[in-house]
Amino acid sequence: MSLHQVSRRFGALKALDDLSFDIMSGEILGIAGPNGAGKTTLLNVCTGALTPSAGSITFEGRAVAGLPAHRYCGLGIARTFQIPQIFSSMSVADNVATGALFGPARHSGAAAVKAKVSEVLAITGLAGERDLPASRADLLTRKRIMLAAALATEPKLIFLDEPLSGLNAEEVDIFVGLFHRLHALLGLTLVVVEHKVRALASLSDRILILNAGSSLCLDRPEAVLRDQRVIDIYLGARNFA
Ligand SMILES: Nc1ncnc2c1ncn2[C@@H]1O[C@H](COP(=O)(O)OP(=O)(O)OP(=O)(O)O)[C@@H](O)[C@H]1O
Ligand SMILES: [Mg+2]
């Protein structure tokens, strides 16, 4: 995906300000930056939830900005949310089945949906909880369900908004391991917004630091963590979780 001079305004506020960068196919791109820097807004414009006020976004050579969100899903672009969004009244497996019905593959027929659901439950470590009512799931499981439903759409590119927030150190390690596995097994391109900078650095090929809607730097994790501007504006104020 390529962004060219993308801006997004909310009234007088420029939440994204003239952003241009490429998401390389097959990479894990981390995104971090202060609260209100525009990270979620960026995910929203990259996944069709919001239209940019200016600029262009292309995916596999096709202009996508302005398409409805379901078209993004059909092109192989999926996302998860900062606060887990799942169907509480449904089982874990039925939540994942909703994903299997959309996306490029658009599984039709009960057997195809069931096979996809079983495959995704196995990859995400949910096989033992397939019949659990989602309302009884703890935070780690709710995050797994949301990720599994997104994976069931068979995305090529997936955007994750703070997937590690609220997890303890052990759970963070489990999820980071899961992302590495998804990347290796499925060849997915991953874009991960995260405040847990140490985990993000261990996961990412490159990190983009957003500040006030602009790109402060985009580089390999070691270089970003050493960058004095990043330390001054972002890392210095955090306890480097
Ligand atoms: N729908 C909206 N209407 C008005 N302002 C908005 C809207 N969405 C976001 N904003 C504003 O845009 C700016 C960027 O918000 P955004 O949610 O993208 O930040 P963020 O980097 O994801 O922050 P956080 O780390 O707290 O999740 C903020 O000033 C926010 O208040
Ligand atoms: Mg956010």
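This is a predicted model: local features need pLDDT of at least 70, side-chain atom pairs count only at pLDDT 80 or more; totals for chains, interfaces and linings use all residues.
E60 counts as exposed, because its relative accessibility is 57% and the exposed class starts over 50%.

Look at where the two partners sit. E60 is in the loop between β4 (54-59) and β5 (62-63), while K156 is in the loop between α5 (139-151) and β7 (157-161). The pair therefore ties together parts that are 96 residues apart in sequence. K156 has a relative accessible area of 39%, so it counts as partly exposed.

Now turn to R206 and E27. Their side chains meet in a salt bridge, at 2.8 Å from N to O. R206 belongs to strand β9 (residues 206-211). E27 lies in the loop between β2 (13-22) and β3 (28-32). Those positions are 179 residues apart in sequence, so this pair also ties together separate parts of the chain. Are R206 and E27 buried or exposed? Both are buried. For each of them, that puts the relative accessible area under 20%.

R220 and E222 make another salt bridge, with the closest N and O atoms 3.9 Å apart. The cut-off is within 4 Å, so this pair qualifies. R220 is partly exposed, at 48% relative accessibility. E222 is partly exposed too, at 46%.

Elsewhere, salt bridges link three residues into a network: K116, E119 and E154. Across the whole structure, the search finds seven salt bridges.

Next, the nonpolar side chains. In soluble globular proteins, such side chains tend to be buried together. The largest nonpolar core here has 51 residues. Which of them touch the most other members? They are L147, I158, L164, F179, L182 and I209. Helix α5 supplies the largest share of this core, with seven residues.

Key. Residues are numbered from 1 along each chain as its sequence is written. Chains are lettered from A and ligands numbered from 1 in the order in which they are written. Side-chain values use heavy atoms; hydrogens and water are left out. Helices (H or I, at least four residues) and strands (E, at least two) are DSSP runs, numbered from the N terminus. Buried means under 20% relative accessible area, exposed over 50%, partly exposed in between (1.4 Å probe, protein chains only). A nonpolar core is a set of buried Ala, Val, Leu, Ile, Met, Phe, Trp, Tyr and Cys residues joined through side-chain atoms within 4.5 Å.
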